[in-house]
Structures are given as structure tokens and as C-alpha cells.
Amino acid sequence: MTQSAPAAWWKNSVVYQIYPRSFCDTNGDGIGDLVGITSKLDYLQMLGVDVVWLSPIYASPNDDNGYDISDYRAIMPEFGTMADFEAMLAAMHARGIKLMMDLVVNHTSDEHPWFQQARQSRDNPYHDYYLWREPKADGSAPTNWEAAFNGSVWQCNEATGESYLHMFSKKQPDLNWENPVVRAEVFALMRFWLDKGVDGFRMDVINMISKPWQLDGSLPDAPVVRDGFLQPAFAMTCNGPRLNEFLAEMRKEVLDHYNTLTVGEAPLATVQQGRDITNAQTGALNMLFQFEHMDLDSVGGHVNGKWARKPLDWRDMSATMARWQTALQDTGWNSLYLCNHDQPRSVSRCGDDGDLRVRSAKALATWLHGMQGTPYIYQGEELGMTNVAFERIEDYRDIETLNFYRVATTERGVSHAAAMASIHAVSRDNARTPMPWSAATNAGFSAGQPWIRVNPNFTQINAEAALADPDSVFHYYRQLIALRKQLPVLVHGRFEAWSPSDPKVVGYLRHSDEVSLLVLCNMSGQLRHQMLPEHLAQRPAQFLLGNVPESGVVWQQHLSLQPFEAQLWLLS
Ligand code: TEU
Ligand code: CA
């Protein structure tokens with residue numbers, strides 16, 4: 001940090017992620033909008049969050065729901081106008097809520113004027129904004145790399161006879177960050193929004209901006225890990241050698257001139273990268289979204305694909321989070337999340353979305369928010385929203401899901417039932433069903449036909465019911481967030497891993513010079529028992545918060561934990 005670093009206000013903050021398309025529709029077109037967000041700010045203020053992360057709202061043909069941007073300085077007409085945006089930002093700031101925008105600059109839309117120009121000819125001044133390769137002599141693709149949404153990463157461009165790289169959909173061509181003009185373009189659009197009063201950026205796949213291969217060098221094929229020509233290739237395009245250099249330039253050219261919160265989404269990021277990039281002295285970003293804990297229940301994860309599932313082992317989850325906690329706590333800072341617009345609903349994935357839905361949602365929140373780092377709540381997580389299981393593929397909207405279904409059932413001999421089972425478990429649309437504001441028609445989300453069906457359980461799970469029920473998941477999140485404001489140890493306390501003897505019981509400690517916190521959760525549907533180590537059991541303890549009030553918790557060496565019970569203790 002060149003100039004004196006502004007206070008790290010984001011360490012005390014809780015962030016709420018809004019997926020604008022599914023949050024609140026105020027003009028009856030079935031699509032959420034900015035006026036809808038403004039109309040729900042009192043709800044967010046009551047929850048107690050400090051920052052809103054807004055998924056993309058820029059002009060876009062919506063091939064990937066806004067993560068394919070055709071104009072970085074314009075608001076998507078479906079979401080509203082720049083005036084609606086400015087009114088929303090002013091209304092947030094009036095409530096002490098900051099705004100973090102989504103910065104999607106690893107790629108643009110193919111309908112962005114830059115690409116429209118670039119694809120016309122090899123000597124077009126914009127040609128070098130993107131990444132081009134000659135097809136092989138036999139006309140085949142330059143490499144066997146598969147894109148994240150299936151198909152080759154290479155798309156042929158008739159006008160020049162070359163192929164361009166797109167790690168995501170073919171309507172999302174990757175930008176060439178080696179080109180300093182591209183970097184200057186990005187820094188300028190960041191300043192455009194920061195000058196409007198925006199308070200920071202969530203940076204989309206930011207560790208893909210530097211590719212681990214030379215533009216003009218030979219391109220290695222990806223390792224063959226399954227039948228067929230195309231092979232998973234995330235590792236071929238992440239964490240290139242100039243990543244830190246590009247981020248440091250971004251820091252110097254832009255971020256150092258504003259008081260911002262920055263979080264970089266970084267698939268395949270390592271703990272060492274986390275330490276380097278979030279280092280308070282030398283790093284460029286405040287925190288990362290790492291994915292290691294998100295890949296524990298899929299056979300292939302980000303490398304070979306998420307559709308083949310395996311049960312989540314909480315010992316793995318605890319060990320993974322403990323590694324990031326202990327590795328970053330002295331130098332950097334962690335983000336804390338279990339859900340977002342790309343992941344299935346956490347209570348269905350890690351908890352119990354049946355009879356113990358409310359209690360398990362509270363247990364997951366306690367476990368996550370008790371750690372050191374900035375917590376992120378994804379819209380609806382504070383209501384304990386669940387996955388959805390539409391029977392018909394026609395009810396799905398997500399490009400990744402639709403492409404998976406098509407390829408699986410037409411090219412890989414997967415049955416409809418098996419493909420739908422994977423989709424029910426991990427489709428991104430699980431997180432994208434409309435926010436249920438009430439039990440009214442369309443869950444009070446829209447007076448029109450929602451762009452995607454609402455989750456049929458909205459009559460039970462909705463904000464109106466949650467606000468009216470003091471024992472709801474919503475009010476429990478309020479308590480958790482309030483505790484973070486009251487207890488410095490919850491924000492700054494040192495993390496100490498602790499592996500309870502029972503594989504389904506998770507726990508850890510946080511320490512300040514004065515006090516300690518013990519977080520203990522039973523992540524199973526059965527009664528579990530936990531012996532406390534002598535040195536802990538002897539310390540005076542105050543019960544802070546739990547999700548089984550009626551169990552009458554007593555501080556003693558032998559603790560019994562009801563199914564999905566969570567306990568938060570303050571030890572002096
Ligand atoms: O996601 C990047 C990313 O890692 C995801 O594609 C992930 O692999 C997948 O969705 C998990 O199933 C970011 C955005 O969050 C995502 O919404 C975009 O689709 C993607 O980048 C391209 O912009
Ligand atoms: Ca609308």
C-alpha cells in the first residue's frame with residue numbers, strides 16, 4: 001500500500017450478495033430491477049448488513065446472465081436506468097450500506113464494440129484486445145481445451161480465419177491483459193464507477209487474467225482425464241506468471257486512490273496465493289473467494305467438473321477452512337461464504353432441508369460467521385432457502401446447466417434421470433429462483449411471469465413469515481451479525497483449529513488477549529456427544545448464542561449436542 005492504508009473497515013463488515021434478476025421486480029416484467037432493490041433496503045438494514053455485492057447490472061445480451069458485458073458504463077435496460085442506479089446508491093449510503101459492483105474483465109460479451117471491431121480484421125486496432133490462434137493445419141482446434149460451459153474454448157472467426165479463446169461461453173471472448181491498452185481501459189471503467197461513489201469490486205475470475213502461456217508460444221494440450229477430444233482446462237488458463245504484476249498495477253492506478261473493498265474470485269487459488277494477494281502490506285486485494293471448500297463434495301471439482309457428486313465429509317471441510325484461517329490470519333484476510341449465485345443452496349448441500357431446515361441453516365451460519373474473515377450472505381440464505389428440483393429441463397435457464405444436460409444426454413450417454421439428479425444437486429439455478437418476499441402469488445417477487453419459476457416451497461419459506469417469527473433463520477442472522485459488532489474477538493480473534501473426536505461435530509476457537517470464543521456444531525441429524533479438553537472445561541464460560549434454546553445448555557466437560565445444534569461460548 002503506497003499511501004497510508006485507509007482503515008480496514010471491511011474486516012468488521014458483513015456483505016449481502018444480490019442477484020438482481022431474482023431479487024425484486026417492481027414493473028411486472030418478471031425480472032428483478034434496481035427500483036426493486038431500493039424498495040427492499042429497509043429489509044437489509046434490519047438484517048444488519050454493511051455492504052451489498054451486486055452481481056452484474058451492466059448492458060448485456062445475457063448469454064450468461066450479465067457476466068457477458070457489452071457496455072461497462074451502461075445499466076442493463078431490463079434492470080433500469082442510470083438514474084435508478086444513482087437513486088439506489090444514494091439510498092444505500094443513506095442507510096450506511098456500501099455498494100460493491102461486480103467487475104467482469106477476464107472477458108467481455110462478443111457484442112461489445114471492442115470485439116465487434118476486433119473480429120473484423122487482424123490489423124484492426126482492437127484485434128489485440130483478444131486472444132487469437134490459427135487452427136491446426138487440419139483445421140481442428142488449436143488445443144483440446146474444454147470451456148467451462150462445455151464445447152471447445154476456441155471459436156472460429158470467419159473474417160480473419162483465426163479462432164478466439166473463450167473460457168466460458170462463445171459469447172464471452174477472453175480479453176488479452178498482456179495488452180497495456182486493455183489494462184488502461186479496465187482501470188478507466190473502474191474509476192468511472194468509483195467516481196460515482198461505488199465502494200468496491202468483486203472481481204470475476206480475476207486469477208484468469210494472466211494466462212500461464214505466452215501469447216505466441218506453443219499451447220500444450222490439457223491432460224486427458226476422460227474419453228473424447230475435449231478435456232477440462234481451467235488449470236490451463238488460471239494463475240499466469242503476470243497475475244500479481246497486473247493486480248499491483250490495478251492497485252497503483254486505481255485502488256490506491258479510493259477507500260475500497262475488493263474481493264477476487266479465484267478458482268484453483270492456493271493458500272500461498274491467498275497469502276500473497278491479500279497481504280495487508282504488499283498484496284493488491286483485500287480478500288479472495290477461494291474454492292477449495294466448494295469442491296469437497298464433487299468428484300472432479302473445478303478441475304474435472306462438478307456434476308459427479310460425493311458426500312461432504314465435515315472433517316475435510318473443517319481441515320480446509322482451518323488451513324485458510326491459519327495461513328492468512330497474520331498477513332492477509334479471508335472471505336467466508338458457503339453460497340452464491342454459482343453454488344447450490346447451502347442448507348440443502350451441507351445441512352438438512354427437511355424437518356431440521358431452520359436449525360441446520362442456523363448451525364451453518366454459526367459455524368461460518370464464527371471464523372475470522374468477512375462473511376458473505378447470499379440472498380435467501382438468511383431465510384434458509386433450499387434447492388429446487390424442477391422435473392423438466394425446460395424450467396432451467398442457466399447456460400452451464402442447459403449445456404451440461406445437452407452434452408450429458410446426447411454425447412455421454414447419461415440418462416435424463418441421472419442428468420436431472422446432478423442438476424437438482426448442483427445446478428446454479430438452485431440459487432437463482434426468485435426471492436420469496438411473501439406467500440402471495442409469485443412469492444411477492446413479481447406481478448408478472450417470473451423469468452424463472454419460484455421455488456414451490458415459497459408458501460412456507462418467505463421473508464414475511466420469517467420477519468413475523470422470532471425463531472426464524474432471519475432473526476438468528478440478525479443476532480449473529482449484531483454479535484460481530486459487539487465482540488472484537490469475533491472479528492480479530494486468532495483462529496485455533498480444534499478437531500472434536502466425533503467426525504460429525506465441528507469446532508474451533510478464537511482468541512484475544514482477554515477472552516476466547518468456542519464454536520461447536522453438530523452437523524448431523526443424530527444426537528452427538530463431545531468431551532471438552534480439561535483446559536477448556538475449567539475456564540468460566542458464558543453462553544452467547546445457540547440454535548436449540550430449549551436444550552438448556554450447561555457448560556460442562558461432557559457436552560451433548562442435539563441434531564444440528566450449534567453453540568457459541570465466550571470463555572474468560
Ligand atoms: O464464475 C467462475 C466460476 O468459477 C464458475 O464458472 C464456476 O466454475 C461454475 O459456475 C461453478 O459451477 C464466475 C461467475 O461467478 C459466474 O457466474 C460466471 O458464469 C463466470 O465467472 C463467467 O463470468
Ligand atoms: Ca422488472
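**Helix H8.** I began with helix H8, residues 271–278, where Val271, Gln273, Gly274, Ile277 and Thr278 are buried. I then asked how these residues sit around the axis. They cover an arc of only 155°, which puts them on the same side of H8. An α-helix has 3.6 residues a turn, so residues three or four places apart point the same way. Next I looked up the packing partners. The buried residues of H8 pack against helix H7 (243–253), strand E13 (287–289) and helix H10 (314–328). I note here that the model is predicted.

**Helix H14.** I repeated the check on helix H14, residues 416–426. Its buried residues include Ala419, Met420, Ser422, Ile423 and Val426. Down the axis of H14 they fall within an arc of 160°, so they line one face of the helix. For their packing I found helix H13 (399–410).

**Pro434.** Is Pro434 buried or exposed? Its relative accessibility is 2%, and the cut-off for buried is under 20%, so Pro434 counts as buried. I listed its contacts, leaving aside neighbours within four places in sequence: Ser22, Met385, Phe445, Pro450, Ile452, Arg453 and Val454. I also took one distance.

**Gln17.** I moved to strand E1 (residues 15–18), which holds Gln17. Gln17 has 1% relative accessibility and therefore counts as buried. Which residues does Gln17 contact, beyond its neighbours within four places in sequence? I found Trp53, Ser55, Asn340, His341, Ile377, Tyr378 and Gln379. Pro142 lies 125 residues from Gln17 along the chain, and their C-alpha atoms are separated by 38 Å.

**Nonpolar cores.** The largest nonpolar core has 149 residues. Which of them touch the most other members? I got Tyr16, Phe85, Leu99, Met190 and Trp367. Apart from this core lies another, of 20 residues, including Leu131, Val153, Leu165 and Ile399. I went back to Met190 for its partners. Not counting residues up to four places away in sequence, Met190 touches Leu103, Phe201, Met203, Met250, Val254 and Leu255.

**Whole protein.** The secondary structure comes to 18 helices and 22 strands. Of the 572 residues, 60% count as buried. I compared the radius of gyration with the globule rule: a compact globule of 572 residues would have one near 25 Å, and the protein has 24 Å, which agrees. The C-alpha trace spans about 75 × 55 × 50 Å along its principal axes. Among contacts with a separation of 6 or more, 72% join residues 24 or more positions apart. The accessible surface is about 20,700 Å², and carbon and sulfur atoms hold 52% of that surface.

Note on methods:
Residues numbered from 1 in each chain as written. Chains lettered and ligands numbered in written order. Predicted model: local features only at pLDDT ≥ 70, side-chain atom pairs only at ≥ 80, totals over all residues. Heavy atoms only, no water. Core = buried A, V, L, I, M, F, W, Y, C linked by side-chain atoms within 4.5 Å. Buried < 20%, exposed > 50% of the residue type's maximum accessible area, 1.4 Å probe, protein only. Contact = heavy atoms within 4.5 Å. Helix = DSSP H or I, 4+ residues; strand = E, 2+ residues; numbered from the N terminus. Arc of directions from axis to C-beta. Rg over C-alpha atoms; globule rule 2.2 N^0.38 Å. Areas by Shrake-Rupley, 256 points an atom, 1.4 Å probe, with all protein chains shown as cover.
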